[in-house]
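Here is a short briefing for a first look at this structure. Keep the sequence and the 3D view at hand while reading.

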Amino acid sequence: MNREWLEERIAKYPICEYAFIDPKELSFLEEVRYICRTECPQYGKSWSCPPAVGTVEECRKRCEKYTEGFLFTTMSEADLMGDMEEALKTRAEHEKITQRVRDLVCEECEDVLVLSTESCVICETCAYPKQACRHPDLMFPCIESYGILVTELSERYGIQFISEAGVVTWFSLILYC
């Protein structure tokens, strides 16, 4: 992947910060999966979440085959304290940008894995577990569903994890060869 080529093309998108990463430096933690299992209402209800994405070990092995990565953020204004559903609606724009960046990376690379934010919300009701995903080309598993702690990853690469009133930071991670 020609990094300068990608940087030129993403300049038109409202990407706040980004870093080219080494997938070998990703940490996979069972503790992150524990949080999914015990605190997330989407656990066991979506193809983008555990257990559908596989075990943390299976996710680690899936990521290990990639040689390069691209981590990026967008930000949205939302009242996190007032209405979480309204805050989550701001994520749709981030997911569109993630699709566009994925498409750019796919112009240069054949094998790409995209991890993004929260549980997929493309369909009103996910087909999991009775049927296959209806939109596998649009559904991106959640970064945390793989056991990757986003705050640690952002710190490692100098990307700010802003958590303040009225601001939501959305993350996506694209792995490629």
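A residue counts as buried when its relative accessible area is under 20%, and as exposed when that area is over 50%. The model is predicted.

**Helix α3**

- Helix α3 spans residues 56–64, and Val 56, Cys 59 and Cys 63 are buried in it.
- Seen down the axis of α3, these buried residues fall within an arc of 60 degrees, so they line one face of the helix.
- The face turned away from that buried side carries Lys 61 and Glu 64, which are exposed.

**Helix α1**

- Trp 5, Leu 6 and Ile 10 are the buried residues to look for in α1.
- Viewed along the axis of α1, its buried residues fall within an arc of 120 degrees, so they line one face of the helix.
- Glu 4 and Glu 8 are exposed on the other side of α1.
- The cover over the buried residues of α1 includes β1, β2 and α5.

**How α1 meets α5**

- Two packed helices are described by the angle between their axes and the distance between the axes.
- Helix α1 covers residues 3–10 and helix α5 covers residues 91–108.
- Their axes come within 11 Å and cross at roughly 150 degrees.
- That angle makes α1 roughly antiparallel to α5, because angles over 145 degrees count as roughly antiparallel.
- The crossing of α1 past α5 is right-handed.
- From α1, the residues in contact are Trp 5, Leu 6, Arg 9 and Ile 10.
- From α5, they are Val 101, Leu 104, Val 105, Glu 107 and Glu 108.
- The residues of this contact divide into 6 nonpolar, no polar and 3 charged.

**A buried threonine**

- Thr 73 is found in strand β2, which runs over residues 68–77.
- Thr 73 is buried, and its relative accessible area is 0%.
- Leaving out residues up to four places away in sequence, Thr 73 touches Pro 14, Ile 15, Cys 16 and Glu 17, as well as Ile 159, Thr 169, Trp 170 and Phe 171.

**Cis peptide bonds**

- The peptide bond from Pro 50 to Pro 51 is cis, and omega is near 0 degrees.
- Pro 51 lies in the loop between α2 and α3.
- Another cis peptide bond joins Tyr 128 and Pro 129, where omega is about -5 degrees.
- Pro 129 belongs to the loop between β3 and α6 (150–156).

**Other loop residues**

- Glu 118 is found in the loop between β3 and α6.
- Phi of Glu 118 is near 50 degrees, a positive value in a residue other than glycine.
- Glu 118 is partly exposed, with a relative accessible area of 39%.
- Ala 11 lies in the loop between α1 and β1 (18–21).
- Ala 11 is exposed, and its relative accessible area is 63%.
- Ala 11 and Ile 97 are 86 residues apart in sequence, and their C-alpha atoms are 12 Å apart in space.

Conventions
Residues numbered from 1 in each chain as written. Predicted model: local features only at pLDDT ≥ 70, side-chain atom pairs only at ≥ 80, totals over all residues. Heavy atoms only, no water. Axes fitted to C-alpha atoms, helices over the stretch in contact; angles between N-to-C directions. Helix = DSSP H or I, 4+ residues; strand = E, 2+ residues; numbered from the N terminus. Parallel < 35°, antiparallel > 145°, perpendicular 65-115°, else oblique. Left-handed = near helix turned anticlockwise from the far one by under 90°. Contact = heavy atoms within 4.5 Å. Nonpolar A, V, L, I, M, F, W, Y, C, P; charged D, E, K, R; others polar. Buried < 20%, exposed > 50% of the residue type's maximum accessible area, 1.4 Å probe, protein only. Arc of directions from axis to C-beta.
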